[in-house]
Amino acid sequence: MQLDLPPSGIGAAAAEISAGLAANIAALAARHDCALPVTGGRDSRILLAAALPAAQQIRQFVCHRFHNPSRKDAKAAQRILASVDLPLTQYFKQPHSHALLKDMRLKMGWSGFRGELAALPMIHDYPRDHLILRGNNLELLRATQWRRDKIGEPLHMKHAIRRLGVSASLGSRKAIRKWQDDYIRWYDTLPSNARPKVYDWAWLEFSQPNFQGPYFTGYHHLTMINPFNERRLLAQAIAMPVLERHQGQAVNSVIEAAYPPFLEIPFN
């Protein structure tokens with residue numbers, strides 16, 4: 001598998017990602033009741049652009065408002081959806097109980113704290129027994145695991161351990177002493193063509209399933225599903241050059257392949 005596309009290959013990879021997402025969303029919407037959260041950000045806009053051919057089969061386009069950033073997201077979502085004549089259903093802040101938060105953390109296995117726990121009561125009002133279409137792995141298209149000064153450099157252990165999320169409680173030096181041997185053993189299992197994108201693979205194998213994954217499976221009245229979580233699409237995203245992903249060219253190319261007018265609306 002080619003995991004080092006040149007910049008000239010971004011367009012073809014973006015077109016394949018867009019087409020794959022569209023096919024996945026259409027298949028899900030044809031078989032299940034689906035809701036698609038929309039914000040002013042990039043990930044939801046990629047999903048929405050890909051979902052447009054099947055938009056009439058999606059039951060709700062939703063957002064939740066529980067603090068100032070989500071208020072801005074709701075306004076952006078209204079503008080985005082209005083541009084394609086689709087309605088927005090808003091869910092507003094509600095009081096939450098200690099028992100509700102404790103129940104959610106129990107279902108997540110106490111795997112980590114998510115800011116969205118503050119939105120838990122309103123998310124419980126989302127349409128029951130629906131698939132909620134989310135795309136957290138789309139962060140790969142933005143190279144969020146990379147720092148600009150680490151692009152093209154060999155494995156940097158301090159950065160690698162920090163991206164695992166363990167340094168906050170242990171401190172950098174103690175975290176490196178505790179985890180670097182295991183990290184290197186894992187790194188040595190990667191195929192040689194995957195090693196230049198080591199932080200992306202670490203995100204997929206460690207951070208996503210052990211931090212974001214439990215949040216996706218913590219709800220009992222609905223199911224969050226990621227249309228982007230397909231090996232071919234993930235590989236195409238990782239294969240794009242890190243610098244171009246980091247600078248936003250990959251995201252723009254995927255949106256342009258699906259619905260170029262969405263690039264004219266500012267991201268929040």
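Reader: Which residues in H2 meet which ones in H12?

Author: In this predicted model, Arg42, Arg45, Ile46, Ala49 and Ala50 in H2 meet Val251, Val254, Ile255 and Ala258 in H12. Meeting here is contact, that is, heavy atoms within 4.5 Å.

Reader: By class, what makes up the contact of H2 with H12?

Author: There are seven nonpolar, no polar and two charged residues. Ala, Val, Leu, Ile, Met, Phe, Trp, Tyr, Cys and Pro count as nonpolar, Asp, Glu, Lys and Arg as charged, and the others, Gly among them, as polar. So Arg42 and Arg45 go down as charged.

Reader: What angle and what distance separate the axes of H2 and H12?

Author: H2 (residues 42-51) and H12 (residues 249-258) pack at about 25 degrees, with their axes 8 Å apart. Helices are DSSP runs (H or I, at least four residues), numbered from the N terminus. Axes are lines fitted to C-alpha atoms over the stretch in contact, with angles from 0 to 180 degrees between N-to-C directions.

Reader: Is the crossing of H2 and H12 left-handed or right-handed?

Author: Left-handed; the near helix is turned anticlockwise from the far one by less than a right angle.

Reader: How many cavities turn up in the whole structure?

Author: The search finds two of 30 Å³ or more. The largest cavity holds about 40 Å³, a volume filled by probe spheres set on the grid points.

Reader: What makes a space a cavity or a pocket?

Author: On a 1 Å grid over the protein atoms alone, a 1.4 Å probe fits in a cavity but cannot get out, while a pocket is an open set with protein on both sides within 12 Å along at least five of seven lines. Lining residues have an atom within 4 Å of a point.

Reader: Which helix gives the most to the lining of the largest cavity?

Author: H9, with four residues. Among the lining residues are Arg163, Leu164, Trp203 and Ser207.

Reader: And what lines the second largest pocket?

Author: It holds about 440 Å³. Of its 18 lining residues, the closest to its centre are Arg163, Leu164, Gly165, Phe206 and Ser207. H9 gives the most to this lining too, with six residues.

Reader: How were the values worked out?

Author: Residues are numbered from 1 along each chain as its sequence is written, and side-chain values use heavy atoms, leaving out hydrogens and water. Local features need pLDDT of at least 70, side-chain atom pairs count only at pLDDT 80 or more, and totals for chains, interfaces and linings use all residues.

Key: Helices (H or I, at least four residues) and strands (E, at least two) are DSSP runs, numbered from the N terminus.
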